[in-house]
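These are my notebook entries on the structure shown below. I went through it sheet by sheet and helix by helix.

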Amino acid sequence: MRILTGNDLKTGAVIWWTGRGWSIHVEDAADVGEHGEAILAAEDGARRVNGGYIINADETPKGPRPAHIKDRIRALGPTVRPDLSLKPADPAAGEWVI
Amino acid sequence: MYQYDKYDQAMVDARVEDFRDQVRRRIAGDMNDDQFKPLRLKNGLYLQLHAYMLRVAIPYGTLDSRQLRKLAEIARKYDRGYGHFTTRQNLQYHWIKLEEAPDILAELATVEMHAIQTSGESIRNISADQYAGAAADEICDPRPWAELLRQATSFHPEFSYLPRKFKICVISSPADRAALRWHDCALRIVRNEAGEEGFEVYAGGGMGRTPFIAYKIRDFCPAAQIFSYIQAILRVWNLHARRDNIHKQRMKILVHDLGEEEFRRQVEEAFEHFLTLGTDFPQAEYDRIAAYFAPPPFETGLPEEIDRTDPDFALWVDQQVIAHKAPGYAIANISLKPIGGIGGDVTAEQMEVVADLAKRYSFDDVRVTHAQNLVLPHVRKIDLYAVWEALREAKLADANLDLVTDVIACPGLDYCTLANARSIPVAQKIQQRFADMDRQRDLGELKIKISGCINACGHHHAGHIGILGVDRKGTENYQLLLGGSGAEDTTQAKITGPGFDEDGVVDAVERAVECYRTLRDPGERFLDTYRRVGFDAFKEAIYG
């Protein structure tokens, strides 16, 4: 599947395109098929995303898993600071990245 | 230390308001990202993996307690309670919001700090020996020269749109504690036969994807002419740099393409021109700046003895305390490399502890090292125990300066958008492998440096053992290098062979270390043994 990501313009937070808007949770990311470029152009123009790009992801029972480790780290947070990640209470969350 | 005059303050304050307006226009949609990006970079604001990152300039790595407390306050108020000291003696915040960045810059300006020229194609923060003004082996304090150059080059129109970034370093000791020859332009203060102070000038160094060690292009440039000489270097580069190719824009490429002799000839020709323009620093201006760096009022008659009754304290003294030029004083190094921690990271609370110690025990002076540690440069020996106790309470009393666990590591793929692999977890695993203090001390000086990509922010080219993280088909892979040095015996490390995974590179490091331990002669450091026995013996030990 192909999903969209970028950063929130004002806060810099990592965000994922849900089909209707943007979420900080990669689990909410929607498959955009061949429409990624058009969606990014509209969303960038409206300043709802900064530096947006299209990535490949695998569909898993827990939701999309970005194909590249860089985007998995973006999705969760720094592996060396699980307390600052999006899942600070889940000690196994880091395994999803690696 | 230097204090802003009304012109400095007015410039920095104006810059904050310029940036506030630029941010407002970006958020309002009056600028797109292509237009805004160069403006935010000129103010040290990057977009990294998880958020914006603000790189704050710490000129020549010198801070006072007021500034360090402000950095702590910003960490707590605008970031997530910590900061990260870098290999350029700067500090980075990794969780910054664009909409708050102007407020942060305004807060920095209240303590004479900024983020100007910490990014972009400009002259970056000018680095210096972290022991400046305290080292027993220095000719003079190099920081007045660093400050003069900072002032002369900041906002200078010819240097505002350079082909690429440009890094300057100034030291004044035979010992090199600042990775001198890995800089675009490096200055070492020396005295000539007549006893006059001047500079050895080096040019064309740099790490990154194409590492070069700087050539010495002048044995002696009179101190009063140094700005002409630096302008000449920059002029030659500015005229001839390969602006058509991002990988060939750094000055080191030009120097090595032209060759040492031809580059020197062109610089000397330009130098003769600049000497006629009268742009060098007047003696009165040097004197004005130097007065800010006058030695603090050291007490006399202080005892030299240190009570070493407490064995943990004695261990810390042996490893972290360096000779000072004033009798009765010492230089106290503060490790930011706890075993299994994140090198260079320091919490707001720890910053405040160090600020308090600096104020009380070190003439309000703190230094940042390129090895991502801190220094209290002027501590009375009779105060060392009290300093150590406070550091221990703040978990800042590790005794591993220059040992195998004092690992330099860039933020790597945990934070950096340029990185290909994570650096910090590798550093942590190496630290855990070699955590035993007796083993560390037995191994002695051993500098491991890790970069998460070829940009080499973790100085892997200069590591006794260097590690470079690469992306191999979407997975992290680590190349091992041996034999580098960023000291006065500067050498470039050499890649040993095929790369390893994360655990594999830690094992490979251990095999290299055991090879050293087996082959060393008495008194030899790792690097000495490597140089004596050669690359092949170590390669054989690593790959079998």
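**Entry 1. Conventions.** I took axes as lines fitted to C-alpha atoms, for helices over the stretch in contact, with angles running from 0 to 180 degrees between N-to-C directions. Helices (H or I, at least four residues) and strands (E, at least two) are DSSP runs, numbered from the N terminus. The model is predicted: local features need pLDDT of at least 70 and side-chain atom pairs count only at pLDDT 80 or more, whereas totals for chains, interfaces and linings use all residues. Residues are numbered from 1 along each chain as its sequence is written, and chains are lettered from A and ligands numbered from 1 in the order in which they are written.

**Entry 2. Helices α6 and α8 of chain B.** I looked up how α6 (residues 226-240) and α8 (residues 260-275) of chain B pack, and found an angle of about 125 degrees with the axes 8 Å apart. α6(B) and α8(B) are therefore oblique to each other; angles under 35 degrees count as roughly parallel, over 145 as roughly antiparallel, 65 to 115 as roughly perpendicular and the rest as oblique. The crossing of α6(B) past α8(B) is right-handed, that is, the near helix is turned clockwise from the far one by less than a right angle, anticlockwise being left-handed. I counted residues as in contact if their C-beta atoms, placed from the backbone, lie within 7 Å. Among the residues that meet are B:Y229, B:A232 and B:V236 in α6(B) and B:F263, B:V267 and B:F274 in α8(B). By class, this contact of α6(B) with α8(B) holds 10 nonpolar, three polar and one charged residues. Here Ala, Val, Leu, Ile, Met, Phe, Trp, Tyr, Cys and Pro count as nonpolar, Asp, Glu, Lys and Arg as charged, and the others, Gly among them, as polar.

**Entry 3. Helices α3 and α4 of chain B.** I then took α3 (residues 65-78) and α4 (residues 101-109) of chain B, which pack at about 160 degrees with their axes 10 Å apart. That angle makes α3(B) roughly antiparallel to α4(B). α3(B) also passes α4(B) in a right-handed crossing. B:K70, B:I74 and B:Y78 of α3(B) make the contact with B:I104, B:E107 and B:L108 of α4(B). I noted four nonpolar, no polar and two charged residues in the contact of α3(B) with α4(B).

**Entry 4. A sheet of chain B.** Which strand order does this sheet have? Five strands form an open, antiparallel sheet in the order β1-β2-β5-β4-β13 (chain B); two strands pair if DSSP finds at least two bridges between them. β1 (45-47) and β13 (345-347) of chain B are the edge strands with a single partner each, so one side of each has no neighbour in the sheet. Neighbouring strands are turned by 30 degrees against each other on average, direction ignored. β4 (residues 82-85) of chain B pairs with β13(B) over three bridges, and B:Y82 has B:T347 as its bridge partner. α3(B) packs on this sheet, touching β4 and β5 (91-96) of chain B, at about 15 degrees to the direction of β5(B).

**Entry 5. Chain A.** I found an open sheet of five strands, β3-β2-β1-β4-β5 (chain A), with antiparallel pairing. β3 (22-23) and β5 (63-66) of chain A are at its edges. β1 (residues 2-7) and β4 (residues 50-60) of chain A share five bridges.

**Entry 6. Between chains.** I recorded 22 residues of chain B in contact with 20 residues of chain A. The chain B side of this contact has 12 nonpolar, three polar and seven charged residues.

Key
Two residues are in contact if their C-beta atoms, placed from the backbone, lie within 7 Å.
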